[in-house]
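Here's a quick briefing to read with the structure open beside you. Take the topics in any order you like.

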Amino acid sequence: MNEAQGGGMSMIFMLVIFALIFYFMIYRPQAKRNKQHRELMASLGKGEEVLTSGGLIGKITKVSAENDSVVIALNENNEVTIKKDFIVAVLPKGSIKSL
């Protein structure tokens with residue numbers, strides 16, 4: 001009977017170990033990335049040069065708070081409207097001119 005109780009304790013111990021591995025290797029890094037992306041979205045402003053998930057590089061000309069979209073000028077003649085969620089990075093000033 002002692003062997004059966006010991007087996008149950010080792011099973012619980014293994015489940016706790018798996019839960020810790022899951023937390024530190026999967027959940028925590030993903031939560032950190034989500035937090036960084038939310039901070040990036042909150043800091044977007046007019047005049048910033050950004051990279052979109054589709055590979056477009058442009059300068060923000062208008063930020064719309066009511067529908068979470070931004071207008072990006074690709075050059076002097078072309079502007080596109082995209083959702084804020086599709087912006088993946090804010091580029092340093094002058095990045096567009098250096099291309």
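This is a predicted model: local features need pLDDT of at least 70, side-chain atom pairs count only at pLDDT 80 or more; totals for chains, interfaces and linings use all residues.

The largest nonpolar core has nine residues, and the largest pocket comes to about 160 Å³. There are also two aromatic pairs to look at.

**The nonpolar core**
- The nine members of the largest nonpolar core are Leu40, Met41, Leu44, Val50, Ile60, Val70, Ile72, Ile82 and Ile87.
- Two elements, helix 1 (2-43) and strand 3 (69-73), each put at least two residues into this core.
- As background, nonpolar side chains in soluble globular proteins tend to be buried together.
- Ile87 is a handy place to start looking: leaving aside residues up to four places away in sequence, Ile87 touches His37, Leu40, Met41, Leu44, Val50, Leu51, Thr52, Ile60, Val70 and Ile82.

**The aromatic rings**
- The ring count gives two aromatic pairs.
- In one of them, Tyr23 and Phe24 have ring centres 5.0 Å apart and planes at 80°; edge-to-face means over 60 degrees, so this pair is edge-to-face.
- Ring pairs tie Tyr23, Phe24 and Tyr27 together as a cluster.

**The largest pocket**
- This pocket has a volume of about 160 Å³.
- Its lining is made up of Glu49, Lys59, Ala73, Leu74, Asn75, Glu76, Ile96 and Lys97.
- Sorted by class, the lining has four charged, three nonpolar and one polar residue.

**Met9 on helix 1**
- Met9 sits in helix 1.
- Its relative accessible area is 58%, and the cut-off for exposed is over 50%, so Met9 counts as exposed.
- Met9 and Met41 are 32 residues apart along the chain, and their C-alpha atoms are separated by 46 Å.
- Met41, for its part, belongs to the largest nonpolar core.

**Two loop residues**
- Asp68 is in the loop between strand 2 (57-64) and strand 3.
- Although Asp68 is not a glycine, its phi is positive, at about 50°.
- With a relative accessible area of 43%, Asp68 is partly exposed.
- Gly94 is in the loop that runs between strand 5 (87-91) and helix 2 (95-98).
- Gly94 is partly exposed as well, at a relative accessible area of 36%.
- Along the chain, Gly94 and Glu49 are 45 residues apart, while their C-alpha atoms are separated by 8.0 Å.
- Glu49 also turns up among the residues lining the largest pocket.

Methods: Residues are numbered from 1 along each chain as its sequence is written. Side-chain values use heavy atoms; hydrogens and water are left out. Rings of Phe, Tyr and Trp (its six-membered ring) pair if their centres lie within 6.5 Å; planes under 30 degrees apart count as stacked, over 60 as edge-to-face and the rest as tilted. A nonpolar core is a set of buried Ala, Val, Leu, Ile, Met, Phe, Trp, Tyr and Cys residues joined through side-chain atoms within 4.5 Å. Buried means under 20% relative accessible area, exposed over 50%, partly exposed in between (1.4 Å probe, protein chains only). Helices (H or I, at least four residues) and strands (E, at least two) are DSSP runs, numbered from the N terminus. Contact means heavy atoms within 4.5 Å. On a 1 Å grid over the protein atoms alone, a cavity is a set of points where a 1.4 Å probe fits but cannot get out, and a pocket is an open set with protein on both sides within 12 Å along at least five of seven lines; lining residues have an atom within 4 Å of a point. Grid points are joined across faces, edges and corners, and a volume is the space filled by probe spheres set on the points. Ala, Val, Leu, Ile, Met, Phe, Trp, Tyr, Cys and Pro count as nonpolar, Asp, Glu, Lys and Arg as charged, and the others, Gly among them, as polar.
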